Amino acid sequence: MNVRESQGDAQARSTAEAVARRSYGKLVAFLAARTRDVPAAEDALSEAFASALADWPLKGCPSNPEGWLLTVARRKVIDMYRGRRRAEIATERLQVMAEGLDAAAAADADIPDQRLALMFACAHPAIEAAIRAPLILQVVLGLDAKTIASAFLTSPVAMSKRLVRAKDKIRQAAIPFTVPEREELPNRLDTVLGAVYAAFAEGWTNPGGTDVARRDLAEEAIFLGRVVTELLPSEPEALGLLALMLHAEARRPARRTPQGDYVPLAEQDPALWNKEMIEEAEALLRRASNLGAIGRYQLEAALQSAHVHRRRTGRPNWEQVVHLYDALFAIVASPVIAINRALAIAELHGADAALDAIQEVAADPRLTEYQPYWAARAELLAKTGAHHEARQAYEIAIGLESDPAVRRFLQQRQSALQP
């Protein structure tokens, strides 16, 4: 291979990768909306990308890569249906589908962006809740089952089987590829946002970014959040979720020391936070607040913003933080929120008041194996001087923690307690 051929191959691959990042979900959504068959759309698009990598280095990259890929994928889809499912599809229906795909693949046609409709299909109530986030990651972003399985701590085989079943469910149940009507949108949108947030949370559990699959998952979740806000620019909760994720991701560089030690928020160096991400998050929050409808994700983002303000200015704002937690707990009565609220109360009214607050949810069985509960309890007990009980709580928290850096941090806190 000469230098020119090598450069052409590199350019073709670079262009294909850029189109895949920007348009994979858009093309899958368009094809699947017309075939009602997500696997067929994925297979056809995969073959179209393979054709691009073979064709573009020789003939040059087309002026409209999306249209080129859709034209090839459209042919692949029609060939699949003619070859595999002739008995199932009437000739008339196949002709209608072919004509629709032909018209959309015309060189001067704008391809409708139906990624949001595809996300709503993946987050349909008929789909198992636990597989919605992985399904969105695969069909909208093109992540493979192995990458998703690694991020969600399951085997590639098990994840692949669950994804296949979910896609079959979309076809068998004739789940529509549509954005719900205005009256149905809030509940259904919350499911989509919840799936995006679940994906981000999986990536967020790798603070140091050492696990590539998880680090990329957080980035892809933010990308999905941007897609939703671009397609639904007037939905305050979509703006709030993107703001929340950006605020959290902005602090990633400060969550570990160069040696890999865990650094709690109160001890992080604000100079290490990503200034651009924080400014974008703040702008999104302002846009959301101007829309006049407060929700969970906006409140969580506002809490992140309050912590950022306190750390940067050095001025306490715990009363504001507690008020935000009160409002958030009224919407989502989660024991996790109650724990964080109690820690804020400790800063405002003392550890005894915080222990009283945390006692209200202590009987929740979900907290038995929830590490942050035991870590928070240990910290509060230590502040009251109940070091024996604090040591026991730290012992449970250490046993429940899987991250070696966090485990070392908890052990250090436990060792600092007086006998």
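Here are some friendly notes on a few helices, ring pairs and charged side chains in this predicted model.

1. Buried residues in H9 include Leu 185, Leu 189, Val 192, Leu 193 and Val 196. Arg 188 is buried as well, and Tyr 197 and Gly 203 also belong to the buried set.

2. Next, look at the aromatic rings. The structure holds five aromatic pairs. One of them joins Trp 56 and Trp 68 in an edge-to-face arrangement, with 5.3 Å centre to centre and 70° between the planes. This pair links distant parts of the chain: Trp 56 belongs to helix H2 (residues 38-59) and Trp 68 to helix H3 (residues 65-84), 12 residues apart.

3. Are these two tryptophans buried or partly exposed? Trp 56 has a relative accessibility of 2%, so Trp 56 counts as buried. Trp 68 has a relative accessible area of 22% and is therefore partly exposed, since buried means under 20%.

4. Phe 200 and Trp 204 form an aromatic pair that is stacked, at 6.1 Å centre to centre and with 15° between the planes. Both residues sit in helix H9, and because they are four residues apart there, about one helical turn separates them. In general, an α-helix has 3.6 residues a turn, so residues three or four places apart point the same way. Phe 200 is buried, and Trp 204 is too.

5. Arg 34 lies over the face of Phe 30, 3.6 Å from the ring centre. In the other case, the charged end of Arg 310 sits over the ring of Trp 318, at 3.9 Å from its centre.

6. Finally, turn to Leu 400, which lies in helix H18 (residues 387-400). Which residues does Leu 400 touch, not counting those up to four places away in sequence? They are Thr 368, Glu 369, Tyr 370, Gln 371 and Trp 374. Leu 400 and Ala 375 are 25 residues apart in sequence, while their C-alpha atoms are 9.9 Å apart in space. With a relative accessibility of 32%, Leu 400 counts as partly exposed, because that class lies between the 20% limit for buried and the 50% limit for exposed.

Key:
Residues numbered from 1 in each chain as written. Predicted model: local features only at pLDDT ≥ 70, side-chain atom pairs only at ≥ 80, totals over all residues. Heavy atoms only, no water. Buried < 20%, exposed > 50% of the residue type's maximum accessible area, 1.4 Å probe, protein only. Helix = DSSP H or I, 4+ residues; strand = E, 2+ residues; numbered from the N terminus. Contact = heavy atoms within 4.5 Å. Phe/Tyr/Trp six-rings, centres within 6.5 Å; stacked < 30°, edge-to-face > 60°. Lys NZ or Arg CZ within 6 Å of the ring centre and 35° of its normal.
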